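Here is a short note to read beside the model. Keep the structure open as you go through the points.

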Amino acid sequence: MSDSMKLSLEQKFNVRSFETQVREMSHEQAQDFLVKLYEQMIMKDNMYQDFIRHQWGIDSPPGA
């Protein structure tokens, strides 16, 4: 794994903290959290795509 793909010490700490929070959730809370997290991941992908389109001078998303 390249150095750019490795987690920093701070990121490792954040993962550990996140793990602790998730372990304390009920099953239902964890399911709700995962759905919201997935939605945020999709929104982040859309934001990156929009940014790249803007940087490359592409006016509209495909199919629009």
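Is arginine 23 buried or exposed? Arginine 23 is exposed, with a relative accessible area of 65%. (Buried means under 20% relative accessible area, exposed over 50%, partly exposed in between, with a 1.4 Å probe and protein chains only.)

1. Basis. This is a predicted model: local features need pLDDT of at least 70, side-chain atom pairs count only at pLDDT 80 or more, and totals for chains, interfaces and linings use all residues. Residues are numbered from 1 along each chain as its sequence is written, and side-chain values use heavy atoms, with hydrogens and water left out.

2. Salt bridges. The structure has four of them. The term means a side-chain nitrogen of Lys or Arg within 4 Å of a carboxyl oxygen of Asp or Glu.

3. The network. Salt bridges link Arg16, Glu19 and Arg23. Glutamate 19 meets arginine 23 at 2.9 Å, N to O. Glutamate 19 also meets arginine 16, at 3.5 Å. Both glutamate 19 and arginine 16 sit in helix H1 (residues 9–23), three residues apart. Glutamate 19 and arginine 23 are four residues apart in helix H1, about one turn. (Helices are DSSP runs of H or I, at least four residues, numbered from the N terminus.)

4. Glutamate 19 is partly exposed, at 27%. Arginine 16 is exposed, at 54%.

5. Another pair. Lysine 6 and aspartate 3 form a salt bridge at 3.6 Å, N to O. Lysine 6 is partly exposed at 46%, and aspartate 3 is exposed at 65%.

Note on methods
Helix = DSSP H or I, 4+ residues; strand = E, 2+ residues; numbered from the N terminus.
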